[in-house]
Amino acid sequence: MQEYKLFINGEWTANQDGEIVDDINPFNGEVYARVHQAGPKDIERAISAAKVASLGWGKTSPAARETVLLKAADILSGRIEEIATVLIDESGSTFGKAMFETSFVVNLLRSAAGESRRIFGETMPSDAPDVFSMSVRRPLGVIAGIAPFNFPFLLACKKVALAIAAGNAFILKPSEETAVTGLKIAELFEAAGLPKGVLNVIPGDGPSIGGTLVNDPRVNMITFTGSTKVGKLLAVQAASHLKKVTLELGGKCPLIVLADADLDYAVDAACFGIFLHQGQVCMANSKLIIEAAIFDQFCDRFVAKVKQLKVGDPRQPDTIIGPLIRGSQCQVIDRHVKDAVAKGARLLTGGYSESNLYQPTVLADVTSEMNVYDEESFGPVVSIIKAADHEAALGIANDSDYGLAAAVITNDLQKAMALS
């Protein structure tokens with residue numbers, strides 16, 4: 001069994017005051033790897049290394065940054081299957097999702113390389129004679145990123161690559177459930193020749209590492225993807241230091257299907273949109289709002305398709321629904337389903353789990369009194385809601401505290417634009 005160490009200042013190093021924990025495969029429950037966890041001394045080493053490295057890396061030419069990022073892309077293109085296998089075994093990604101995620105990052109790295117040459121300042125006219133004003137964009141310095149478990153390679157690389165392209169040093173705290181994936185990013189940039197200290201990867205306890213990073217004055221910015229609850233805490237902490245922060249949090253995303261839609265297309269799109277990666281996606285269309293004239297027909301076709309989805313081993317190429325990242329999430333979904341049924345919703349299929357495998361679940365006639373209407377389930381469960389017409393559908397779609405993503409399917413272009 002492989003043991004993974006921390007990546008600090010360009011070196012693979014054992015932790016100084018942290019523990020070593022088991023990394024569990026969510027499908028079979030077996031220990032996948034053992035991972036060193038960063039403690040206070042390790043976090044300090046990472047911040048110090050990043051601070052020193054940022055001074056030199058921030059002065060490098062765009063061409064130098066571009067070269068490293070393009071080389072990283074070329075290296076990754078030869079390791080796609082290897083990284084995809086890590087995603088399958090560590091995060092429960094299905095084969096198709098893992099291949100998509102890994103392949104996507106190749107182009108992401110190339111795009112970031114191009115961005116290194118597109119960091120522009122401005123000149124501005126002045127009322128004073130013979131004077132002009134000029135703005136110059138400089139790297140922030142040290143950026144710390146906290147990555148999620150659901151798309152751990154793509155979303156972490158997006159943070160790392162663009163920060164590096166702009167001349168910053170980076171400290172990555174991967175999700176506790178997908179630490180090996182985060183460390184693979186370190187392997188990638190090490191092979192690409194990134195100078196020591198520009199990227200540091202420190203797996204470990206989220207609250208202790210995140211709290212230290214957001215409170216340390218040497219860290220100039222925090223970028224976080226994860227739950228709304230944690231995001232709110234980080235935002236408050238960052239604000240207390242007047243520190244830059246970017247957040248990508250939860251969602252309860254609506255998909256409106258109007259009566260004139262191509263029904264087969266709408267069923268396929270809605271199915272893909274909610275069941276990709278077992279619904280563990282913040283942009284998943286977990287609320288299907290269907291115009292009344294096609295409601296029953298849509299439900300029948302949608303349920304028929306859902307019942308055909310293969311649930312099981314994510315290594316099998318035809319598996320659509322793999323395991324949730326942890327068994328406790330099954331309990332969250334169970335509570336949503338039971339609450340909805342108790343309040344009048346119809347359970348059309350699913351509603352139960354086997355180990356970490358939650359069956360794809362469809363609830364119809366969901367109303368605003370039910371918890372699943374407002375709360376993010378982060379699993380393979382979808383609510384179908386009937387709307388009298390397109391205006392009623394719009395009202396239901398906007399009846400939410402979230403504003404992450406939304407969609408409408410119709411063949412009426414004018415309605416599509418108006419609703420959007």
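Are glutamate 187 and lysine 184 buried or exposed? In this predicted model, glutamate 187 is buried, and lysine 184 is buried too. Their side chains form a salt bridge, with an N to O distance of 3.4 Å. Both residues belong to helix α6, which spans residues 179-191. They sit three residues apart, about one turn of the helix. The pair is part of a network of salt bridges that links Arg79, Glu82, Lys184 and Glu187. Side chains of opposite charge can pair when their charged atoms come close.

Threonine 178 is located in the loop between β9 (169-173) and α6. Its relative accessibility is 1%, so threonine 178 counts as buried. Beyond its neighbours within four places in sequence, threonine 178 is in contact with Glu90, Ser91, Pro148, Phe149 and Pro152.

Across the whole structure, the search finds 21 salt bridges. Two further examples follow. Aspartate 318 forms a salt bridge with lysine 310. The closest N and O atoms of that pair are 2.9 Å apart. Aspartate 318 has a relative accessible area of 48% and is therefore partly exposed. Lysine 310 is also partly exposed, with a relative accessible area of 32%. Aspartate 339 meets lysine 343 in a salt bridge, at 2.9 Å from N to O. Aspartate 339 is buried, because its relative accessible area of 16% is under 20%. Lysine 343 is partly exposed, at 42% relative accessibility.

Strand β14 covers residues 287-291. Five of the five residues of β14 are buried, so the strand is largely enclosed by the rest of the structure. In a regular strand the side chains alternate between the two faces of the sheet. In β14, Lys287, Ile289 and Glu291 point one way. Leu288 and Ile290 point the other way. All of these residues are buried. Strand β13 (residues 254-257) pairs with β14 in the parallel sense, over four bridges. Within this pairing, valine 257 has isoleucine 290 of β14 as its bridge partner.

The loop between α9 (263-275) and β14 holds asparagine 285. Asparagine 285 counts as buried, at 11% relative accessibility. Leaving out residues up to four places away in sequence, asparagine 285 touches Cys253, Leu255, Ala269, Ala270, Gly273, Ile274 and Val382.

Asparagine 411 lies between β20 (407-409) and α14 (413-419). Its relative accessible area is 59%, so asparagine 411 is exposed. Which residues does asparagine 411 touch, not counting residues up to four places away in sequence? They are Asp260, Ala261 and Asp262. The side chain of asparagine 411 reaches the backbone oxygen of aspartate 260 at 3.1 Å. Asparagine 411 and aspartate 262 are 149 residues apart in sequence. In space, their C-alpha atoms are 7.4 Å apart.

Three strands form an open sheet in the order β1-β5-β4, with mixed pairing. β1 (3-4) and β4 (20-24) stand at the edges, and each has a single partner strand, so one side of each is left without a neighbour in the sheet. Strands of a sheet pair through backbone hydrogen bonds, either parallel or antiparallel. For β4 and β5 the sense is antiparallel, over five bridges. Aspartate 22 stands opposite arginine 34 in β5.

Strand β5 spans residues 31-36 and includes valine 31. Valine 31 has a relative accessible area of 34% and is partly exposed. Together, Met1, Ile24 and Val31 make a nonpolar surface patch of about 290 Å².

Definitions and conventions. Residues numbered from 1 in each chain as written. Predicted model: local features only at pLDDT ≥ 70, side-chain atom pairs only at ≥ 80, totals over all residues. Heavy atoms only, no water. Patch = residues over 30% accessible without salt bridge, like charges linked within 9 Å, V, L, I, M, F, W, Y side chains within 5 Å. Areas by Shrake-Rupley, 256 points an atom, 1.4 Å probe, with all protein chains shown as cover. Salt bridge = Lys/Arg side-chain N within 4 Å of Asp/Glu carboxyl O. Helix = DSSP H or I, 4+ residues; strand = E, 2+ residues; numbered from the N terminus. Buried < 20%, exposed > 50% of the residue type's maximum accessible area, 1.4 Å probe, protein only. Contact = heavy atoms within 4.5 Å. Polar contact = N/O pair within 3.5 Å; in protein donor to acceptor, adjacent residues only side chain to side chain. Pairing = 2+ DSSP bridges.
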